[in-house]
Amino acid sequence: MATTSSQEPAETQNHDHLIKSTDSQHPANLICTLCEKFYHLGWVAGTGGGTSIRDNDLVYLAPSGVQKELMKPEDIYVLSIAQQKDPKQRVYLRAPPSLKPSQCTPLFMAAFTKRNAGCCIHTHSQWAVLVTLLLETRPLNTNVFEINNIEQIKGFGKGFQKQGNLGYHDTLRIPVIENTPFEEDLTESLEEAMDKYPDTYAVLVRRHGLYVWGETVHKAKTQAESLDYLFQLAVEMKKLGIPWLSDIA
C-alpha cells in the first residue's frame, strides 16, 4: 500500500478570502451545512467522516479531528489541484492555523482527478459498516455489494461519462476494500476499485464506512442518501431472509 504523510505541510500564508462569502452555496459554507446535516444522520459522529467540494481547480476540505456539526468556514482547508506535485507534501492555499488536514484528502483527490467529481462525501454510517460485515460472512463475492429491483436504485447515474440513471431492474454494484490503520493508506485500494468498477460512484471500506462522489454536490448528496437507504434496507432484508438479488424482470 502506498503511504502518504499524515502531517501534510501547509503554506504559511493564508488566503482567508477563499473561505469568506455570504453565499450559502459557497463551498466553505456548504461543507459546514452538509456536515451538520450528516451529523444528525449519524454519519459523522465523534469527528469521523468528512466532505470535500471542488470548484474548478480549487478543492475545499473539512479538517481532521473537529466536531463536524460545530464546524465553521474558517476551519476549512483550500488547495489548488494544479499545485499538487507530491502527494506526500500536500500544498494548501489556505489552512486554519490550529487544525490538521484530513487523512481523507488523498481519497477525495482520487474522486476529483479520476472521476472529475464536484463533491466527495465520507461517512461512518452504521448501515454501511453492517453491510460490509454481512458480506464478510459470505463464502464468495465478499468484495462487492449488489442489489437490484429496488426503486431507490434510480438515484444513481449509469456511470462516469454516461448519460442517464440506473433503472429499477438494474443491478447496483458497490465495491468493498479492506480497512487500514491509517486512512490515507486506503488510497491505492480505492483507486484500484475505481478502475475495476469504472461505473461506480462509491466505495465501501470494510468495518469503516463509505466514500461516495458525484459530478455536483446535489448528485453526491443524493447518492449518499440513496446508498444509506439501500444499506439499511439490505440489513433488514437479510434479517428476513430476503435476497438482495432477485429475478423479477
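Modeller: Buried means under 20% relative accessible area, exposed over 50%, and partly exposed in between, with a 1.4 Å probe and protein chains only. This is a predicted model, in which local features need pLDDT of at least 70, side-chain atom pairs count only at pLDDT 80 or more, and totals for chains, interfaces and linings use all residues. Residues are numbered from 1 along each chain as its sequence is written, and side-chain values use heavy atoms, with hydrogens and water left out.

Biologist: Why is Glu151 called partly exposed?

Modeller: Glu151 has 47% relative accessibility, so it counts as partly exposed. UniProt, in an unreviewed entry, gives Glu151 as "active site"; such positions are in the numbering used here, feature names are shortened, and annotations may be inferred rather than shown by experiment. Glu151 sits in the loop between β5 (144-148) and β6 (171-177). Strands (E, at least two residues) and helices (H or I, at least four) are DSSP runs, numbered from the N terminus.

Biologist: What makes Asn149 buried?

Modeller: Asn149 is also in the loop between β5 and β6. Its relative accessibility is 8%, so Asn149 counts as buried. Asn149 has a positive phi of about 55° although it is not a glycine.

Biologist: Which class does Asn116 fall into, buried, exposed or partly exposed?

Modeller: Asn116 has a relative accessible area of 47% and is therefore partly exposed. Asn116 lies in the loop between α2 (105-115) and β4, and has a positive phi of about 55° without being a glycine.

Biologist: How do you know that the residues listed for "binding site" gather at one spot?

Modeller: The unreviewed UniProt entry lists His122, His124 and His208 for "binding site". They span 87 residues in sequence, yet no two of their C-alpha atoms are more than 10.1 Å apart, so they gather at one spot.

Biologist: Why is His122 called buried?

Modeller: His122 has 0% relative accessibility, so it counts as buried. His122 is in strand β4 (residues 119-123). Contact means heavy atoms within 4.5 Å. Not counting residues up to four places away in sequence, the residues that His122 touches include Cys104, Glu183, His208 and Tyr211.

Biologist: What is the volume of the second largest pocket?

Modeller: The second largest pocket has a volume of about 210 Å³. Among the residues lining the second largest pocket are Phe156, Lys158, Arg173 and Tyr201.

Biologist: Where is pLDDT under 50?

Modeller: pLDDT is the predictor's confidence in each residue, from 0 to 100. The protein averages a pLDDT of 93, and 94% of the residues score at least 70. Over residues 1-12, however, pLDDT stays under 50. Where pLDDT is low, the predicted coordinates should not be read in detail.

How values were computed
On a 1 Å grid over the protein atoms alone, a cavity is a set of points where a 1.4 Å probe fits but cannot get out, and a pocket is an open set with protein on both sides within 12 Å along at least five of seven lines; lining residues have an atom within 4 Å of a point. Grid points are joined across faces, edges and corners, and a volume is the space filled by probe spheres set on the points.
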